[in-house]
Amino acid sequence: MNAQLKCSNCGAEITNLTMSWGQKYWLWFIPFAVFIIFIPYFTDFMFKDTNDFREDLSVSGIERRYVNGTIEILGVVQNAGQVNWQHITIEAELFSKDGKFLDEITGRNEANLSPGASERFKIHAQNFPRSRWDAIGDVKVKVADAYHSRF
């Protein structure tokens, strides 16, 4: 059985059928390709995030203590920015009395810190030798990372 294709207007049999575009129809691809290439730049421009946790979040009221082999760093983190910050990572760098770097302790504060708010934090390290605790001269505490939703 042979399949036949007939013209809907005149009823004549169509013997030669091509299913392709003409020579200039491929030009639609140029604007599409330009759009695909530049969409990351466009979205970055449209949704540029101008908030920086380094400028918005600050740490104060630092207290350090040594309890049964555990070093604890306590303090308060404040949000002076305009967005809610979450998943705040606090980093404490420990230095000797002569200024040499000894160790680093990090911890997370999972609270949602709204603009103008403050939150207490405590980061700790277990199995910390007493001799190392006695060698600590200075502790520098900062916010190492934080997240906020742009939407």
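Predicted model: local features only at pLDDT ≥ 70, side-chain atom pairs only at ≥ 80, totals over all residues.
Buried here means under 20% relative accessible area, exposed means over 50%, and partly exposed is in between (1.4 Å probe, protein chains only). Residues are numbered from 1 along each chain as its sequence is written, and side-chain values use heavy atoms, with hydrogens and water left out.

**Aromatic pairs**

- The structure holds 4 aromatic pairs, where rings of Phe, Tyr and Trp (its six-membered ring) pair if their centres lie within 6.5 Å; planes under 30 degrees apart count as stacked, over 60 as edge-to-face and the rest as tilted.
- One of them is Phe53 with Trp85, an edge-to-face pair at 6.4 Å centre to centre with 75° between the planes.
- Phe53 lies in helix α2 (residues 53-56) and Trp85 in the loop between β2 (70-79) and β3 (86-96), so this pair ties together parts that are 32 residues apart in sequence.
- Helices (H or I, at least four residues) and strands (E, at least two) are DSSP runs, numbered from the N terminus.
- Phe95 and Phe101 also form an edge-to-face pair, with 5.8 Å centre to centre and 75° between the planes.
- Phe95 is buried at a relative accessible area of 14%, whereas Phe101 is partly exposed at 48%.

**Charges over rings**

- A charge sits over a ring if NZ of Lys or CZ of Arg is within 6 Å of the ring centre and within 35 degrees of the ring normal.
- Phe95 turns up again here: Lys140 lies over its face, at 5.0 Å from the ring centre.
- The ring of Trp133 has the charged end of Arg64 over it, 5.8 Å from the ring centre.

**The β1-β2-β5 sheet**

- An open sheet of 3 strands runs in the order β1-β2-β5 with antiparallel pairing; two strands pair if DSSP finds at least two bridges between them.
- Its edge strands are β1 (57-67) and β5 (118-125), each pairing on one side only.
- Neighbouring strands of the sheet are turned by 20° against each other on average, direction ignored; the axes are lines fitted to C-alpha atoms, for helices over the stretch in contact, and angles run from 0 to 180 degrees between N-to-C directions.
- β1 and β2 are joined by 9 bridges, and Glu63 stands opposite Leu74 in β2.
- The two also make a hairpin with 2 residues between them, and Asn68 in the turn has a positive phi of about 50°.
- On the β5 side, β2 pairs over 8 bridges, with Val76 opposite Arg120 in β5.
- 9 of the 10 residues of β2 are buried, so β2 is largely enclosed by the rest of the structure.

**Nonpolar core**

- A nonpolar core is a set of buried Ala, Val, Leu, Ile, Met, Phe, Trp, Tyr and Cys residues joined through side-chain atoms within 4.5 Å.
- The largest one has 24 residues, and Leu57, Ile71, Ile88, Ile90 and Phe128 have the most contacts inside it.
- β1, β2, β3, β5 and β6 (136-147) each supply at least two residues of this core, with the largest share, 5 residues, coming from β6.
- Leu57 touches residues including Val77, Trp85, Ile88, Leu113 and Val143, not counting residues up to four places away in sequence; contact means heavy atoms within 4.5 Å.
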